[in-house]
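Biologist: I have a protein model open and would like to learn how to read it. Could you take me through a few features, one at a time?

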Amino acid sequence: MYLDQLSVINFKNYPELDVFFSPEVNVIVGDNGEGKTNLLDAIFYLSFCKSFLNPIDSQNIRHNEKFFVVQGKFKRDKKNVNIYCGVKRGKKKQFKKNKKAYERLADHIGLLPLVVISPADMSLVSDGSEMRRKFMDGIICQIDKEYLNLLMAYNKVLSQRNALLKMFYKKNYFRHEELEVWDMLLVQHGQKIHDLREKFIENFIPVFQKHYNHISKGKEEVSLKYSSQLQKGNFWELLTDAVGKDRMVQYSTVGTHKDDLHFNMDGYLIKKYGSQGQQKSFLLALKLAEFDYLKARSETTPMLLMDDICDKLDSKRISTLLELTCNGEFGQVFITDTNKERIERLLGEHNIECKLFSIEEDKIKEN
Ligand SMILES: Nc1ncnc2c1ncn2[C@@H]1O[C@H](COP(=O)(O)OP(=O)(O)OP(=O)(O)O)[C@@H](O)[C@H]1O
Ligand SMILES: [Mg+2]
């Protein structure tokens with residue numbers, strides 16, 4: 001599967017753009033602020049119906065304009081797949097495949113699998129557990145439609161349970177049996193979520209380890225571990241034990257909404273002790289493992305978007321990464337860089353052919 005043509009109108013800095021890509025390696029160069037990341041974001045919209053940077057659709061409309069349109073012509077199994085995404089201020093987002101609007105945007109997820117590696121993803125390593133849960137969920141959702149429904153059901157029950165805890169506190173009374181109605185559902189959905197996450201991580205870890213060792217040439221040892229309160233005992237019992245605390249703080253302190261992934265390097269937390277380059281290598285290994293995981297379970301090879309890959313990595317690691325990802329096995333690849341000569345030299349070292357584009361003043365030019 002690959003993106004053949006991308007057309008945009010009024011998307012972020014671009015008034016208009018029409019570009020044909022290579023099914024293999026595409027390199028986009030331009031100075032800071034010229035719109036390299038925005039171009040990748042437009043491609044991301046076509047796969048995920050949203051931006052990977054700004055979740056508020058209307059803020060992705062070019063300033064002082066009323067709408068944006070992003071369209072992509074894909075080739076998938078020798079068939080054309082045309083995707084249309086239109087956003088008007090104050091109106092519902094329109095998303096169509098071959099001119100037919102989707103009933104639910106969620107039905108589109110997984111059709112055009114894509115992995116993006118961007119400097120913004122460093123939050124996966126540096127921020128709180130929510131980012132890491134989103135990372136796991138994002139991957140599982142792309143290959144398991146039921147999982148998304150399960151997550152939505154769990155979150156609904158969780159907010160009902162939290163609302164009830166708040167109500168008890170406000171009205172100064174408590175009835176355990178009322179809470180137990182929600183507990184039953186929380187356990188039912190939460191246990192399934194836990195089991196699916198556990199299974200996912202078990203398969204994911206060896207792929208991740210392989211990629212990290214390859215990028216770092218075995219210089220440091222890293223590990224990844226799934227951590228869940230549900231590993232400490234029976235979910236129902238854990239909920240019952242926490243009732244006193246939950247009543248006091250007025251929200252649910254136990255459940256899969258507290259799950260996390262622990263990232264370590266040589267036995268220490270990478271977030272605290274890893275260098276920036278090591279943290280970035282960790283992120284790359286996570287994303288490349290995501291790619292392999294999706295590829296092995298999708299009917300098509302995902303697209304790979306690598307934004308600013310040269311940032312914070314030494315030339316050995318960049319070279320290893322390019323050699324790995326641009327050899328054809330990774331399918332269609334998009335790479336951005338600020339330095340044309342550097343990226344041309346690095347690709348040249350491995351005889352990697354590419355289609356090279358430069359962006360300047362909101363226009364794209366093929367070199
Ligand atoms: N809604 C919008 N309307 C108009 N311009 C926008 C909008 N959103 C972002 N921009 C502009 O897009 C530009 C940033 O583009 P982008 O982040 O893609 O640059 P870049 O080439 O990736 O830069 P860098 O090398 O620094 O990463 C900025 O100049 C910003 O003002
Ligand atoms: Mg950028």
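Biologist: Let me start with D57. Where is D57 found in the chain?

Modeller: D57 sits in the loop between α1 (36–48) and β4 (67–76). Keep in mind as we go that this is a predicted model.

Biologist: Is D57 buried, partly exposed or exposed?

Modeller: For that we count neighbours: a residue is called buried if 20 or more other C-beta atoms lie within 10 Å of its own, and exposed if 12 or fewer do. D57 has 19 other C-beta atoms within 10 Å, so D57 is partly exposed.

Biologist: And which residues does D57 touch, leaving out those up to four places away in sequence?

Modeller: D57 touches V87 and K93.

Biologist: Next, backbone angles. What should I know about phi?

Modeller: Most residues other than glycine have a negative phi. Here you can look up some positive values: K12 has a phi near 50 degrees, and D266 has a phi near 45 degrees.

Biologist: In which loops do I look for K12 and D266?

Modeller: K12 lies in the loop between β1 (2–11) and β2 (14–20). D266 is in the loop between β10 (260–265) and β11 (268–269).

Biologist: Now a helix, please. How do I tell its sides apart?

Modeller: Start from the geometry: an α-helix has 3.6 residues a turn, so residues three or four places apart point the same way. Now take α11, residues 340–349, where I343, L346 and L347 are buried. These residues cover an arc of only 95 degrees around the axis, which puts them on the same side of α11.

Biologist: Which residues of α11 are exposed on the other side?

Modeller: Those are E341, R345, G348 and E349.

Biologist: What covers the buried residues of α11?

Modeller: The cover includes β3 (25–29), α10 (315–325) and β13 (333–337). While you are there, look just after α11: N351 takes a positive phi of about 50 degrees.

Biologist: How do I describe two helices that pack together?

Modeller: Two packed helices are described by the angle between their axes and the distance between the axes. Take α3 (residues 129–143) and α5 (residues 176–216): they pack at an angle of about 90 degrees, with their axes 11 Å apart. Angles from 65 to 115 degrees count as roughly perpendicular, and α3 and α5 are therefore roughly perpendicular to each other.

Biologist: Which residues make the contact between α3 and α5?

Modeller: From α3 come M136, I139 and I140, and from α5 come L196, R197 and F200. Sorted by type, the residues of this contact are 5 nonpolar, no polar and 1 charged.

Biologist: Finally, the whole chain. How many helices and strands does it have, and what does its radius of gyration say?

Modeller: The protein chain has 11 helices and 15 strands. A compact globule of 367 residues would have a radius of gyration near 21 Å, so the 22 Å of this chain agrees with that. Buried residues make up 36% of the 367 residues. Among contacts with a separation of 6 or more, 73% come from residues 24 or more positions apart.

Conventions:
Residues are numbered from 1 along each chain as its sequence is written. Chains are lettered from A and ligands numbered from 1 in the order in which they are written. This is a predicted model: local features need pLDDT of at least 70, side-chain atom pairs count only at pLDDT 80 or more; totals for chains, interfaces and linings use all residues. Helices (H or I, at least four residues) and strands (E, at least two) are DSSP runs, numbered from the N terminus. The radius of gyration is taken over C-alpha atoms; the globule rule is 2.2 Å times the number of residues to the power 0.38. Two residues are in contact if their C-beta atoms, placed from the backbone, lie within 7 Å. The arc is that of the directions from the helix axis to the C-beta atoms. Axes are lines fitted to C-alpha atoms, for helices over the stretch in contact, and angles run from 0 to 180 degrees between N-to-C directions. Angles under 35 degrees count as roughly parallel, over 145 as roughly antiparallel, 65 to 115 as roughly perpendicular and the rest as oblique. Ala, Val, Leu, Ile, Met, Phe, Trp, Tyr, Cys and Pro count as nonpolar, Asp, Glu, Lys and Arg as charged, and the others, Gly among them, as polar.
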